[in-house]
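Dear colleague,

Here is the structure I said I would pass on. My notes on it follow below the entry.

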Amino acid sequence: MIQPFTTEPIRRIGDDGTPIGDATPQHSPDALRALWRDMLRAREFDKKLVTLLRQGRTTFYAQASGMEATQVGIARGMRAKHDWIWPYYRDQGIGLALGIPIRDLVSQCLGSNNDLNKGRQMPHHFGDARFNFMSISSSIANQVAPAAGTAMAQKYLGTDEITICTFGDGATSEGDWHAGMNMAAVNGAPCLFICENNQWAISVPVHAQTASENIHIKARAYGMPGYYVDGNDVIAVQEVVQHVADRVRRGEGPALIECLTYRVGSHSNADADAEKFYRTRDEVEAWTSRDPIRRFEAYLDHLGQGIEADERAQLIQDTHAEIEAAVREADASGFPDWRIMFDDVYSDTPTHLRDQFELVRAEQEA
Amino acid sequence: MTATHEKPEATMTGTQPETVQMNLIQAVTQALREELARDERVVLFGEDVGARGGVFLATQGLQSEFGAKRVFDTPLSEASIVGAAVGMAVRGMRPVAEIQFADYMGPGFDQIISQAAKIRYRSGGQFSAPLVIRTPSGGGVKGGHHHSQSPESYFTHTPGLKVVMPSTPYDAKGLLKAAIRSDDPVIYFEPKRLYRAAKGEVPTGDYIVELGKGVIRRAGTDLTLIGYGGVMPDVERAAEALAASGVQAEVIDLRSLVPWDKHLVLESVARTGRALLISEAPRISNFMGEVAYTVQREAFDALLAPVGQVAGFDTPYPYVQDKTYLPGVNRILREAAQLLSY
Ligand SMILES: Cc1ncc(C[n+]2csc(CCOP(=O)(O)OP(=O)(O)O)c2C)c(N)n1
């Protein structure tokens, strides 16, 4: 039985890859391979995008390396293309595991003509209606109250969908976070709030962010259950998300899950050298040694379903090739010209924007 | 700098005449350092301002110099940053709060407009909130709409707040010191694309630039170009280009929006007969609309052409078309040509 408010994070795989307890769910070998594949693809996506960043092909990127088990577990615990998600900006791993094509993620980062969001948003702010994956906002925690609203609509409309809302630990300090949690709770909205607690909000550690003992106990104040999960254990995350999502779907009201994980890299390219200013090398190394992908590979070994070196190398190579192809495709589609500034501001184009459009057209033709 | 650029000595209140070359963000840091040293009621706080020194490193080194009691990180909550600043100010301190990007003033907006701006008035002058909110604003850094907006008009529209925006290191230091010493809440916008691009001589000693005073950056007789903040380098470049074709444009940097230097503007327009207003914020309800109204109302007889305006577009700030969105020299020159041939 999965219980809320545990003192220790729920785990299914030990640090060395041995299964914990006898509650390990029975995944088929293919399902286990799929989890591994999604995590490694997310890791390689980070690597390649950081390279594109260094080459000046994109201007912003926020790595999620170290958080793959959390993000893949969330994606595999929800129903892709059915449930809705209001993600936050570091959720590329969720997007990938839900099945958003690499070409679409890369196109968004490059702001090319084949970007679904038409080059308007900063890189790394995806949005894909086919996956009910809401367009990401940079503003911390302002997705939380809207997520409550989407869930209220799902209840009102009588759907069996639920809404997943993700955020970092820092986001739980914002007023919007509290407002959204409360709104969902009093309305019994089918909203599953998930904190990807990677322990740092830029340079502020979680203990300086909140005086609460941890994040999930905050759920108590809103009248919902709070679950505590080892976010570097993909089996545990998937299982808890599935279990809690079912509960939310049954109409038992919203819930909060805290996934305890770690951001191994910098916050974004804006603070390339985190260790220099605010973290210790020791801390980073301690968490690197708890790498979710290596832990899962050890687990597969334990089950006798180990990954061969060439299988691993092949997946890495394929992922890189897919990203390179996506970059070529993005380039071939060209880059949006000035016209994109004026569409989609409103559902129609009011006269003042038509006038401004003409002004730029004249400039461009001069 | 042109001959009419305000000489540092002109507003010096101290005695040290030395100046040092620095960029705008270094001037901000220096102002903060000097004010921390001068007045122990001054404290700095916000997201990441402590150990890291702010995302743009404006407060780098200040925590180690003054201690974590004076310079500290807060939880990620603009409402509590601004709200706490209000409460501290009311109790006799001089808080300087950093909002990481002007785009994120939203969650603190209610505290700014309902508390900070109104405490003095609603209490019949019994209480006041002498605080400063520093925040990087404006575009040109490929930040997309959440890192490029120019929200100054939301604040100029709220009585009780003072709103300033420097465009040179000299002003950045002098205005920030004046803001910290002001008995009113001051919103201090820092044009982020000029953080490193704007360089200049800054006195090493104490001086202030009075809030509410604009400055003539370049003298001219044919046309007055009026701007503030991030657009100023382009405004000055446009004036140079005009000079090359024989047109003498006067350039005014408003520096303060509330209060703003109406007399400096009116006197200039009375001499030149033409006013062109430049800012990068969207046009509708742009603060420059107030300047345009005032010029047409109070200098109507002097006007040889309608008041001109170059602004941002009424669209969210676009990522890929970052440069097209900003006014830029050419757009200023085209509008100037219209006014000159009217
Ligand atoms: C309202 C708001 N304030 C400040 C910022 C600047 N900012 C961007 S990310 C960040 C830290 C977020 O930390 P957390 O929520 O823990 O997520 P993480 O980046 O650790 O995944 C801050 C302060 C912002 N984007 N929005």
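In chain B, strand E5 (residues 132–137) and strand E7 (residues 186–191) run parallel and pair over six bridges. One of the pairings there joins Val132(B) to Val186(B), its bridge partner in E7(B). Please keep in mind throughout that this is a predicted model.

**The seven-stranded sheet of chain B**

E5 and E7 belong to an open sheet of seven strands in chain B, ordered E3-E2-E4-E5-E7-E6-E12, with mixed pairing. The edges are taken by strand E3 (71–73) and strand E12 (256–258) of chain B; each has a single partner strand, so one side of each is left without a neighbour in the sheet. From one strand to the next, the twist averages 20°. Helix H3 (residues 78–90) of chain B packs on this sheet, where it touches strand E2 (42–46), E3, strand E4 (94–98) and E5 of chain B. The direction of H3 makes about 170° with that of E4(B).

**The five-stranded sheet of chain B**

Chain B also has an open sheet of five strands, in the order E9-E11-E10-E13-E14, and its pairing is mixed.

Within it, strand E10 (residues 223–227) and strand E11 (residues 249–253) of chain B pair in the parallel sense, over five bridges. Leu223(B) has Ala249(B) as its bridge partner in E11(B).

Two helices can be described against this sheet. Helix H9 (residues 262–272) of chain B packs on it and touches E9, E10, E11 and strand E13 (275–282) of chain B; the direction of H9 makes about 170° with that of E11(B). Helix H10 (residues 288–298) of chain B packs on the sheet as well, touching E10, E13 and E14 of chain B, and its direction makes about 160° with that of E13(B).

**The interface of chains A and B**

The contact involves 39 residues from chain A and 36 residues from chain B. Between the two chains an area of about 3000 Å² is buried, 60% of it from carbon and sulfur atoms. On the chain B side, Arg52(B), Leu76(B) and Tyr319(B) lose the most area to chain A; together they make up 23% of what that side buries.

Twelve residue pairs are in polar contact across this interface, counting pairs with both residues at pLDDT 80 or more. Helix H11 (322–325) and helix H12 (328–340) of chain B are the elements that give two or more residues to the side of chain B that touches chain A. By class, that side has 15 nonpolar, twelve polar and nine charged residues.

**Salt bridges**

Over all chains the count is 54 salt bridges, and two are found across the interface of chain B and chain A. Which residue of chain A does Arg334(B) bridge to? Arg334(B) forms its salt bridge with Glu363(A), with the closest N and O atoms 3.0 Å apart. This pair crosses between chains, from helix H12 of chain B to helix H14 (residues 351–365) of chain A. Glu363(A) also meets Arg331(B) in a salt bridge, at 2.4 Å from N to O.

Regards

Key: Residues are numbered from 1 along each chain as its sequence is written. Chains are lettered from A and ligands numbered from 1 in the order in which they are written. This is a predicted model: local features need pLDDT of at least 70, side-chain atom pairs count only at pLDDT 80 or more; totals for chains, interfaces and linings use all residues. Side-chain values use heavy atoms; hydrogens and water are left out. Contact means heavy atoms within 4.5 Å. Buried area is the accessible area (1.4 Å probe) that two parts lose on being put together, summed over both. A salt bridge is a side-chain nitrogen of Lys or Arg within 4 Å of a carboxyl oxygen of Asp or Glu. A polar contact is a pair of N or O atoms within 3.5 Å; within protein, one must be able to donate a hydrogen and the other to accept it, and residues adjacent in sequence count only if both atoms are side-chain atoms. Helices (H or I, at least four residues) and strands (E, at least two) are DSSP runs, numbered from the N terminus. Ala, Val, Leu, Ile, Met, Phe, Trp, Tyr, Cys and Pro count as nonpolar, Asp, Glu, Lys and Arg as charged, and the others, Gly among them, as polar. Two strands pair if DSSP finds at least two bridges between them. Axes are lines fitted to C-alpha atoms, for helices over the stretch in contact, and angles run from 0 to 180 degrees between N-to-C directions.
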